[in-house]
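My notes are below, in the order I took them.

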Amino acid sequence: MTTPNPQQNTILPHKIIGVGVIWNQEKQILIDRRLPTGSMANLWEFPGGKMEEGETIQDCIVREIREELGIKIAVREHLITIDHTYSHLQVTLRVYHCDYLDGTPQTLECAEFRWVNLDDLEQFEFPAANGQIIAALNR
Ligand SMILES: Nc1nc2c([nH]c(=O)n2[C@H]2C[C@H](O)[C@@H](COP(=O)(O)OP(=O)(O)OP(=O)(O)O)O2)c(=O)[nH]1
Ligand SMILES: [Mg+2]
């Protein structure tokens with residue numbers, strides 16, 4: 001999908017991103033740090049990635065979290081959907097609450113990960129669109 005970019009008068013790619021806010025039994029949230037290469041390098045994020053053809057958003061979130069961290073989760077209720085335009089990409093972040101089920105997180109496709117309390121999220125540097133996710137979690 002593409003969308004006009006009024007700032008540059010060009011066409012930007014548009015990606016649907018499945019994003020999981022993964023809760024453990026201690027009411028902590030799993031965040032990961034993006035790799036030092038590629039777009040938005042080194043920023044913290046909620047695990048997830050691009051939806052592929054033929055999969056549901058729930059399939060996408062389960063798959064991405066298995067690929068990036070090697071853990072099993074269950075996708076629960078929708079939290080928020082955010083449209084955001086970066087300089088190189090337009091994203092629709094479809095964010096769902098998830099329950100941690102099984103497995104020890106590993107840095108398969110991320111630089112590091114951490115279980116954090118909701119109140120501690122503000123200490124980490126996230127992409128610009130994530131301010132709305134954190135605000136929704138605090139409502
Ligand atoms: N997973 C995730 N992506 C986010 C968040 N906030 C945010 O702006 N994004 C953006 C960054 C990226 O442009 C896009 C996610 O795409 P990605 O590059 O991680 O996609 P992917 O995991 O499928 O990785 P790849 O195979 O394309 O390398 O969404 C967030 O909290 N979590
Ligand atoms: Mg990803």
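These entries cover the topics one by one.

**Ground rules.** This is a predicted model, so I kept local features only at pLDDT of at least 70 and side-chain atom pairs only at pLDDT 80 or more, while totals for chains, interfaces and linings use all residues. Residues are numbered from 1 along each chain as its sequence is written, chains are lettered from A and ligands numbered from 1 in the order in which they are written, and side-chain values use heavy atoms, with hydrogens and water left out.

**Core.** I began with the nonpolar cores. I counted a core as a set of buried Ala, Val, Leu, Ile, Met, Phe, Trp, Tyr and Cys residues joined through side-chain atoms within 4.5 Å. Buried means under 20% relative accessible area, exposed means over 50%, and partly exposed is in between (1.4 Å probe, protein chains only). The largest core holds 24 residues. Ile31, Phe46, Leu93, Leu121 and Ile133 have the most contacts inside it. I then asked which elements supply at least two residues each. They are β2 (10-23), β3 (29-33), β6 (72-85), β7 (90-102) and α2 (130-137). Helices (H or I, at least four residues) and strands (E, at least two) are DSSP runs, numbered from the N terminus. Helix α2 gives the most, with 4 residues. I also found a second, separate core of 12 residues, and Ile57, Leu69, Ile71 and Ile73 are among them. As background, nonpolar side chains tend to be buried together in soluble globular proteins.

**Isoleucine 31.** I picked this one out of the core list. Isoleucine 31 lies in strand β3. Its relative accessibility is 0%, so it counts as buried. I listed its contacts (heavy atoms within 4.5 Å), leaving aside neighbours within four places in sequence. Isoleucine 31 touches Trp44, Glu45, Phe46, Glu112, Phe113, Arg114, Val116, Leu121, Phe124 and Phe126.

**Cysteines.** How many disulfides are there? I required a pair of cysteine sulfur atoms within 2.5 Å. The count is 0. Cysteine 60 is buried, because its relative accessibility is 0%. Cysteine 98 is also buried, at a relative accessible area of 0%.

**Ligand 1.** I looked for residues with a heavy atom within 4 Å of the ligand. There are 17 around ligand 1, and Arg34, Phe46, Lys50, Tyr86 and Asn130 come nearest. Next I took polar pairs (N or O atoms within 3.5 Å; within protein, one must be able to donate a hydrogen and the other to accept it, and residues adjacent in sequence count only if both atoms are side-chain atoms). A side-chain N or O atom of arginine 34 is 2.9 Å from an oxygen atom of ligand 1. A polar backbone atom of phenylalanine 46 is 2.6 Å from a nitrogen atom of ligand 1. Asparagine 130 places a polar side-chain atom 2.6 Å from a nitrogen atom of ligand 1. Alone, ligand 1 exposes 630 Å², and the protein buries 80% of that. Those areas come from the Shrake-Rupley method with a 1.4 Å probe; for residues, only the protein chains shown count as cover.

**Glutamate 64.** I found glutamate 64 in helix α1 (residues 57-69). Is it buried or exposed? Glutamate 64 counts as buried, at 7% relative accessibility. Beyond its neighbours within four places in sequence, glutamate 64 contacts Gly48, Gly49 and Lys50.

**Aspartate 83.** Aspartate 83 lies in strand β6. At 51% relative accessibility, it counts as exposed. Outside four places in sequence, aspartate 83 is in contact with His14, Gln90, Val91 and Thr92. Its side chain makes a polar contact of 2.5 Å with the side chain of threonine 92.

**Positive phi.** Last, I checked backbone angles. Most residues other than glycine have a negative phi. Lysine 27 has a positive phi, near 60°. Lysine 27 is in the loop between β2 and β3 and is exposed, at 64%. Asparagine 42 has a positive phi of about 70°. Asparagine 42 sits in the loop between β3 and β4 (44-45) and is partly exposed, at 34% relative accessibility.
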